[in-house]
Amino acid sequence: MKSTYREAVRAALRDAMRRDERVFLMGEDVGRYGGGFAVSLGLLEEFGPERVRDTPLSESGFVGAGIGAALGGMRPVVEIMTVNFSLLALDQIVNNAATLLHMSGGQFNVPLVIRMTTGAGRQLGAQHSHSLEGWYAHIPGLRILTPATLADARGMLWTALEDPDPVLIFEHGSLYNVAGELEDDAGPVELDKAAVLRPGTDVTLITYGGTLAAVLDAADQLAGEGIDAEVIDLRVLRPLDDGTILGSVGRTHRAVVVDEGWRSGSISAEIAARIGEHAFFDLDAPVERVCSEEVPVPYAKHMELAALPSAERVVAAARRAVGARG
Amino acid sequence: MSPLLDTALPDPAHSRHLLQQMLRVRRLEEKCVELYSAARIRGFLHVYIGEEAVAAGVIETLAAEDAVVATYREHGHALLRGVSAGAILAEMYGRAEGCCRGRGGSMHLFDATTRFYGGNAIVAGGLPLAVGLALADKMAGRRRVTACFFGEGAVAEGEFHESLNLAALWQLPVLFCCENNLYAMGTALARSESQTDMALKAAAYEIPAWSVDGMDVLAVEEASRRAVDGVRSGGGPHFLELRTYRFRAHSMFDPELYREKSEVAQWMERDPIRLLQAAMETAGQLPEEQWAALQADVDAEITDAVAFAEAGTLEPVEDLTRFVTSQPGSELTSRAASDHNRARSAEGRAG
């Protein structure tokens, strides 16, 4: 069936609330407004204000309340409108959600799902254009998901809700309107593995979330030049699926990591380091990285585009890697 | 400040019980200070000495199914909620027998069986958790109360205001217990708050609120009973400002340069334990041999607890990364939810 990414997320929420009465959605404008990105449109009418719960503008308060509700046996899905607002709830996410299980010696797990929008590309200016999922991937105790495809937008939520620990889902804002075919019986997906979306033999392009489309585009362009690129969608930033990454690099001997986050201290840095640690002797070229320029994302369209990873930059990086064959 | 207890005494057995509860906290923490000085326990150590009437009076009014959320100064709350002194001390010793297997320490005591949810080192960090626990109860139709203890320093944090607003907006069953000991670490209340009447702040959120003499355990108990009844009967959140004082420094590292010794001495004249003890003696409720026996009981409990902690074992280092995430099929995963929720889940699956 035809679906947009937005509709796939909405279908996942509807499915979760139908399956388990402990599941409820909470966040700013998720109810009467229908969601800041119209994801939850119509859910209030179906499930009522107890389970589609509008909150005040108080991220720390309602994220913390989500953690408490999870401790109390509910299965909350907390929506934070955009990743910048999640910084107001960092205390609750990092100091409580991620640590309670360990600090309590295994007594108190936090079965909480937090969804938020991430990423740039919509001329929203610096504060609304951050890609901070890599920061969260730094924190032990959290699982970090980045659905890039319709199937993952539809399927990751239920699996996340079955996880006894806190899961953060980062939905790239530019994906909501993406439309495509979704299997009629699309449902839960596993959350442990990265996906090889396109097999190839010459270079591995590793990405996730909002930059996947640019990377697939780059792979098409490279094919036209006779370079056969393998494309990996990481899907899960924590825990990283080392096996798929290293297995692919072991076959192609070259890697380009594409990450909308800033280069310094990013998830791309972590991936490049792991390849260096574990696949150094498989490499025929230095690991390339295509990241955002290290500036707050500007508003003006041409400046914003120049700051973000593009298919052209990915193609150039892949050419460099392949050209290094010598 | 009156050196006398104004509140009428209850029956002798109940008076003795409250006196013993406060003394248990006092002796446990005096022992903690001793063990800390002897380097048997480490980390940050914040003791509650002087504030015992607050935990004793409030926790007395809670039922077993209620929840307690506390701060980093929570040894007393844990003990009075039912965590054994041995498990608390073993935790501070970093032992496997500690209530958190040595992973929490003094500031992070937790206990699932008594619904004791910490133990939070972030000032005001526990308030949103309490709101969420109460939200879960309300959504599940359970008539339980979540008691949330925090210091007056937390009142300056945004999470205080966010939490009170949410609790009042959604009429959640939370009892907010502000332990106003006048100092946020070393910053006096008047230096940190434009409005120093905590109950007024709660009232601004349409939450019923009272200020209570926090050195008078009977007054605390009475006010708490009234508030807990209000919460449990569906009256939404209630708020108690418990005016108290800590006799010792903020932590073992605090040289206490910010307050006069005379001020401390003045408050120590209203030692909550001595106040109740004197009132009981005056009323003939505490014959000397009973007082001696009570003290002996408490001393024996603490002595046993130290022995338990000293004899404790260490978690194997191979288990270092256990409990970062729940292990599939582990005891934890299977008891992830309360009985109620497991039952609901089963219903869901059956449906």
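**Chat notes on a predicted two-chain model**

Q: Where does B:Met215 sit in chain B?
A: This is a predicted model. In it, B:Met215 lies in the loop between strand 6 (209-213) and helix 9 (217-235) of chain B.

Q: Buried or exposed, that B:Met215?
A: Buried. The relative accessible area of B:Met215 is 0%, and the cut-off for buried is under 20%, so the residue qualifies.

Q: What is B:Met215 in contact with, leaving aside neighbours within four places in sequence?
A: Ten names come up if you read them in order: B:Gly50 and B:Ala53, then B:Arg243, B:Thr244, B:Tyr245 and B:Phe247, and finally B:Trp267, B:Arg270, B:Pro272 and B:Leu275.

Q: And how far is B:Met215 from B:Thr61?
A: C-alpha to C-alpha, B:Met215 and B:Thr61 are 17 Å apart in space. In sequence they are 154 residues apart.

Q: Switching to rings. How many aromatic pairs are there over all chains?
A: The structure holds 15.

Q: Take B:Phe160 and B:Phe239. What is the geometry of the rings?
A: Their centres are 6.3 Å apart and their planes are at 85°, so the pair counts as edge-to-face. The angle cut-off for that label is over 60 degrees.

Q: Which elements does that pair link?
A: B:Phe160 belongs to helix 6 (residues 158-169) and B:Phe239 to strand 7 (residues 238-243), both of chain B. The two residues are 79 residues apart, and the pair links distant parts of the chain.

Q: Are B:Phe160 and B:Phe239 buried or exposed?
A: Both are buried.

Q: Which residues make up the cluster linked by ring pairs there?
A: B:Phe150, B:Phe160, B:Phe176 and B:Phe239.

Q: Backbone next. Where is the cis peptide bond in chain A that involves A:Pro239?
A: It joins A:Arg238 and A:Pro239, with omega at about -5°. A:Pro239 is in the loop between strand 12 (236-238) and helix 10 (242-252) of chain A.

Q: And what is omega for the cis bond between B:Gly118 and B:Gly119?
A: About 10°. B:Gly119 is in the loop between helix 4 (85-92) and helix 5 (126-140) of chain B.

Q: OK, what is phi for A:Arg235?
A: Phi of A:Arg235 is near 65°, which is positive, and the residue is not glycine. A:Arg235 is in the loop between strand 11 (229-233) and strand 12 of chain A. A:Arg235 counts as buried, at 5% relative accessibility.

Q: What about phi of A:His253?
A: Near 70°, also a positive value in a residue other than glycine. A:His253 is in the loop between helix 10 and strand 13 (255-262) of chain A. A:His253 is partly exposed, at 26% relative accessible area.

Q: Now chain A as a whole. How many helices and strands?
A: Chain A has 13 helices and 14 strands.

Q: What does the radius of gyration say about chain A?
A: Chain A has 20 Å, and a compact globule with 326 residues would be near 20 Å, so the two agree. The C-alpha atoms fill a box of roughly 65 × 45 × 40 Å along the principal axes.

Q: What share of the residues of chain A count as buried?
A: 63% of the 326 residues. Chain A exposes about 11,700 Å², with carbon and sulfur atoms supplying 55% of it.

Conventions:
Residues are numbered from 1 along each chain as its sequence is written. Chains are lettered from A and ligands numbered from 1 in the order in which they are written. This is a predicted model: local features need pLDDT of at least 70, side-chain atom pairs count only at pLDDT 80 or more; totals for chains, interfaces and linings use all residues. Side-chain values use heavy atoms; hydrogens and water are left out. Helices (H or I, at least four residues) and strands (E, at least two) are DSSP runs, numbered from the N terminus. The radius of gyration is taken over C-alpha atoms; the globule rule is 2.2 Å times the number of residues to the power 0.38. Buried means under 20% relative accessible area, exposed over 50%, partly exposed in between (1.4 Å probe, protein chains only). Accessible areas come from the Shrake-Rupley method with a 1.4 Å probe; for residues, only the protein chains shown count as cover. Rings of Phe, Tyr and Trp (its six-membered ring) pair if their centres lie within 6.5 Å; planes under 30 degrees apart count as stacked, over 60 as edge-to-face and the rest as tilted. Contact means heavy atoms within 4.5 Å.
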